[in-house]
Structure formats: structure tokens, C-alpha cells
Amino acid sequence: MTYKTILATRTAPDQNHTALAQAEAIAAKAGGHLDVLCIGIDHTRTAYYDSTASAITVQHAMEQAQSVAKSLRAETNAQLKTSQVPFAVEATVARSEEIGRLVGHHARYADLMVAGLPYGPGANPEDESIVEAALFDARVPVLALPTGTTLEPPRQVVVAWDESIEALTAAKKALPLLQQADLVRIVVVDPPRHGPERSDPGGRLCQLLVRHGISCEIDILSRTLPRISDVLLRHVQDCDANLLVMGAYGHSRFREAILGGTTRSMLEHATLPVFLAH
């Protein structure tokens, strides 16, 4: 099992190149293909304009979005021109409220999406929608990278485990990365006293990973900080881990799934690559 189709997106000329560079590196190592989706975004809200101005405003915004998409495509092609990885760059336009649908459609045909953190310095307003679309609409795993980081060969990987289907899905989809690690630490925070794994928290997952040739240890932690994400991030630092694998949890906003509190908090404060799956 490996990642053969890697997807990255670009939405702004000043967007940092961390995700694109790492997507290229992952595709090269896996002998895979890199797809880059360059999106020009139309931010107009026609309801805010009167009928006489609306058509002109919409046309101007659409032309501007098309220009941005073409510019991003040309810039990306130039950046990848010397790459040894087979790649395809597509330019397209979307209204801001439709970007999730567009990304969800493209991402479903990828094995992995590589993106920057959707929050914090350097993030664009649409980054959150892009990550949500990949995770919840396309059900493709996302590797979220802080600006300037690289996905080094994993030394120690922390897998956050809470017996949920989301956590299990993340662990299974991260297998190609976990198999490269020197050690995988399965971390359980305050395991439930009456759960199905109460006598051996994390034991079944450990067995699954060991059968894939992965060296594992189980760490049982107490919730000594207000948020689980804080406990995980502190443990990641203590272990000197260079990758965190966790399930992506969401809740409904009308009929759309959006990132839940723990997932969002982790993506707001992460200092290392985070692998997410739903």
C-alpha cells in the first residue's frame, strides 16, 4: 500500500509553498503522480449589490478570478518544470461558497491531500473549507503541514487513539508512513473504565500495526490539561515525535460537516505535520 495520487491546491499567489514542495517529495518517494488544483476564487456576494451594478460586478470578479487561476497555473508549472515527478496542473474558478464542492469532487480521486495548516499565520480564509471538503466530502486523508516544515522520514510517530472509527481510519490510512517509522507510540488519554478495551487500552490497534511490521508502544496518559489537544501536543514534544496521526472529528453546520473542537484546536497549535482522516 502506498500513495500514488497526491493532491495539492493553490488559491493565492502569495501562498506559502510548503505543501506543494512536500506533496512533490511524497510523490517522488512513492513513485506517484502529483495533481495540483489552482483555484481562482470569486468572492462577490450578489445580494449586496443592486440589480444594475450586479452584472458588472459579477463579470469583473469572474474575470479577476480567472486571471488569478491562470497565473497560479503558470507559476506552478514553472516551479515543477524540473521535477522528476509526473504532474498535472489544472486551473479553475469557483465562488467562495462553492469551493468545498469543487475540492471535494477533485479530492475523491486522490490517495492523499497535502495542505498547509488552515489556521494561523499565512492561512487564507478558504483553507478551512478546503481541508473540510477533503476530509468530510471526499473522505481522503489530509497531511497538514505548518509553514516551513518538511515531512522527514518518521523517527517517532504518535497515533492518538480513542477507540473511534475516525481514529482507526486514520491509523489504517497512515500505514505507508507508519511503516517507515522507527517507533509508533499509540497514545490513549483517560481510557474509559467501561469501554470495550478497558483491560488493554490500545492493545488491538497495537496488534494490527505489529502485523504490518511496525514497532509499537502504548502510552496511557491522564488528562492533566483542559484540552485533549494540549495533552497530545505536550506528549509529542516530550517524545520528540515528528508526525502526529489522529482522526478528524466534525459536527454538523446545517447539512455540512465542519471540524470539531479537538481537531480544530490541534490544527491551530500544531508545530509538526498532522495526518488526519475521517
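Contact here means heavy atoms within 4.5 Å of each other. On that basis, residues 24 or more positions apart account for 78% of the contacts in the chain with a separation of 6 or more. This is a predicted model, in which local features need pLDDT of at least 70 and side-chain atom pairs count only at pLDDT 80 or more, while totals for chains, interfaces and linings use all residues. Residues are numbered from 1 along each chain as its sequence is written, and side-chain values use heavy atoms, with hydrogens and water left out.

**Whole chain**

The C-alpha atoms fill a box of roughly 70 × 45 × 30 Å along the principal axes.

Switch to a surface. Its accessible area is about 13400 Å², of which 50% belongs to carbon and sulfur atoms; areas come from the Shrake-Rupley method with a 1.4 Å probe, and for residues only the protein chains shown count as cover. Of the 278 residues, 51% are buried, where buried means under 20% relative accessible area, exposed over 50%, and partly exposed in between (1.4 Å probe, protein chains only).

**Helix α4**

Select residues 127-137, which form helix α4. Eight of the 11 residues in α4 are buried, so the helix is largely enclosed by the rest of the structure. The buried ones are D127, I130, V131, E132, A133, A134, L135 and F136. Just after α4, go to R139, which takes a positive phi of about 55°.

**Strand β5**

Next select L143, in strand β5 (residues 142-145). L143 is buried, with a relative accessible area of 0%. Beyond its neighbours within four places in sequence, L143 is in contact with I26, L112, M113, V114, A115, L151, L243, P273, V274 and F275. For a distance check, pick V93: its C-alpha atom is separated from that of L143 by 24 Å, and the two residues are 50 apart along the chain.

**Salt bridges**

Show the charged side chains. A salt bridge is a side-chain nitrogen of Lys or Arg within 4 Å of a carboxyl oxygen of Asp or Glu, and the count by this rule is nine.

Select R10 and E75, which meet in a salt bridge at 2.9 Å, N to O. The pair links distant parts of the chain: R10 lies in strand β1 (residues 5-10) and E75 in helix α2 (residues 51-80), 65 residues apart. R10 counts as buried at 2% relative accessibility, whereas E75 is partly exposed at 27%.

Move to R155 and E152, whose closest N and O atoms are 3.2 Å apart in a salt bridge. R155 is partly exposed, with a relative accessible area of 32%, and E152 is partly exposed at 40%.

Then select D219 and R185, a salt bridge with its closest N and O atoms 2.7 Å apart. D219 is in strand β8 (residues 216-221) and R185 in strand β7 (residues 183-189), 34 residues apart. Both residues, D219 and R185, are buried. Last, select E128, R264 and E268, which salt bridges with shared partners join into one network.

Key
Helices (H or I, at least four residues) and strands (E, at least two) are DSSP runs, numbered from the N terminus.
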